[in-house]
Every structure is written in structure tokens, then in C-alpha cells.
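Hello,

Please find the structure below, with some notes to read beside it.

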Amino acid sequence: MHLYPDEYYEFFIKFNEGDYYTCHDLLEEIWLTEKDNLFLKGLLQMTVAIYHYEYGNVKGARSMMRVGHTYIQKYRPKHWGLNLEIVNEFIEQSLIIIPNDIDRIPFEDVSTLPKLPQLILYLQED
């Protein structure tokens, strides 16, 4: 199996735990040394989008999700042991669910937003 940066492995754990803030930090640490890696940037943007959505920044979530979607396209169907078809489907479903007529809501009202689909990430051997 291919070896990836330790932060990448930790990203999977934190993502599946729902700790999107830490996911951002982990991916950013790798991306800062590989700024041409739009795969990492796409995952980073998707993760930031989920984080924004959970805190009521609907417009930011929508924007980041769209950018993340764009970045992962050239890496499909699989890259760095990740099935990007599943990620792509999650992003596309999320973009349908995220309201287009709301920019921001107070944190205490976040529970009124439609729920995003569940996404569990895991590595697959090449």
C-alpha cells in the first residue's frame, strides 16, 4: 500500500468523527507543502464547506462546496486511495440540499437547516 503523510491518515479519522475544523488544519498542513495538489485543496474546501454549514454560514458553505467540486474533478475516479466518485456524489447531493436563498443564519437556528448526506471516508488499496 502507498504511504501518505501522517496528517492524511489522521484526516480520515477526524472526518469520520465529524471534527471538520481539525480536518482543515490537517489538510492545510499537507497542502502548504504541495500547493499544486488540487486534490488536497478540493478535500480542504469540501471540509471547510461542511464546517461553515454547521455554523450557519450557508453562503460560505455553498461557495466552498462548489470550489471543492471543481478541484476534485480531474482526480476522479480515485486518487490517493480515496474513491472520489463517492466524494463527488456527496458534494453534488449537498449542493442540491444547501439552500440557495439563505446566506447566513444564527448558530442557534442551525438545526433548522436541511441535513447534509452522511459521508464516511476510507482508504482503498490501489
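This is a predicted model: local features need pLDDT of at least 70, side-chain atom pairs count only at pLDDT 80 or more; totals for chains, interfaces and linings use all residues.

Residues are numbered from 1 along each chain as its sequence is written, and side-chain values use heavy atoms, leaving out hydrogens and water.

Helix 3

Helices here are DSSP runs of H or I with at least four residues, numbered from the N terminus. Helix 3 covers residues 38-54, and its end C-alpha atoms are 24 Å apart. That agrees with the 24 Å that its 17 residues should span at 1.5 Å a residue; the expected span is 1.5 Å times one less than the number of residues. Of these 17 residues, 13 are buried (buried means under 20% relative accessible area, with a 1.4 Å probe and protein chains only). Asn-37 caps the N-terminal end of helix 3, with a side-chain oxygen 3.1 Å from the backbone nitrogen of Phe-39. After helix 3 comes Gly-56, which has a positive phi, near 95 degrees.

Helix 4

Helix 4 has 15 residues and reaches 21 Å from first C-alpha to last, close to the 21 Å expected. At its start, a side-chain oxygen of Asn-57 comes within 2.8 Å of the backbone nitrogen of Gly-60. The buried residues of helix 4 include Val-58, Met-65 and Ile-72, and its buried residues pack against helix 3 and helix 5 (84-97).

Arg-62

Arg-62 is found in helix 4 (residues 58-72). Is Arg-62 buried or exposed? Its relative accessible area is 7%, so Arg-62 counts as buried. The side chains of Arg-62 and Asp-103 are joined by a polar contact of 3.4 Å (a pair of N or O atoms within 3.5 Å, where within protein one must be able to donate a hydrogen and the other to accept it, and residues adjacent in sequence count only if both atoms are side-chain atoms). Leaving aside residues up to four places away in sequence, Arg-62 also touches Leu-95, Ile-98, Pro-99, Asn-100 and Ile-102, contact meaning heavy atoms within 4.5 Å.

The cavity

A cavity is a set of points on a 1 Å grid over the protein atoms alone where a 1.4 Å probe fits but cannot get out. A search of the whole structure finds one cavity of 30 Å³ or more. The largest cavity holds about 40 Å³ of space, a volume being the space filled by probe spheres set on the points, which are joined across faces, edges and corners. Its lining, made of residues with an atom within 4 Å of a point, consists of Leu-82, Asn-83, Ile-86, Ile-120, Leu-121 and Tyr-122.

Regards

Notes:
Helices (H or I, at least four residues) and strands (E, at least two) are DSSP runs, numbered from the N terminus. Buried means under 20% relative accessible area, exposed over 50%, partly exposed in between (1.4 Å probe, protein chains only). On a 1 Å grid over the protein atoms alone, a cavity is a set of points where a 1.4 Å probe fits but cannot get out, and a pocket is an open set with protein on both sides within 12 Å along at least five of seven lines; lining residues have an atom within 4 Å of a point.
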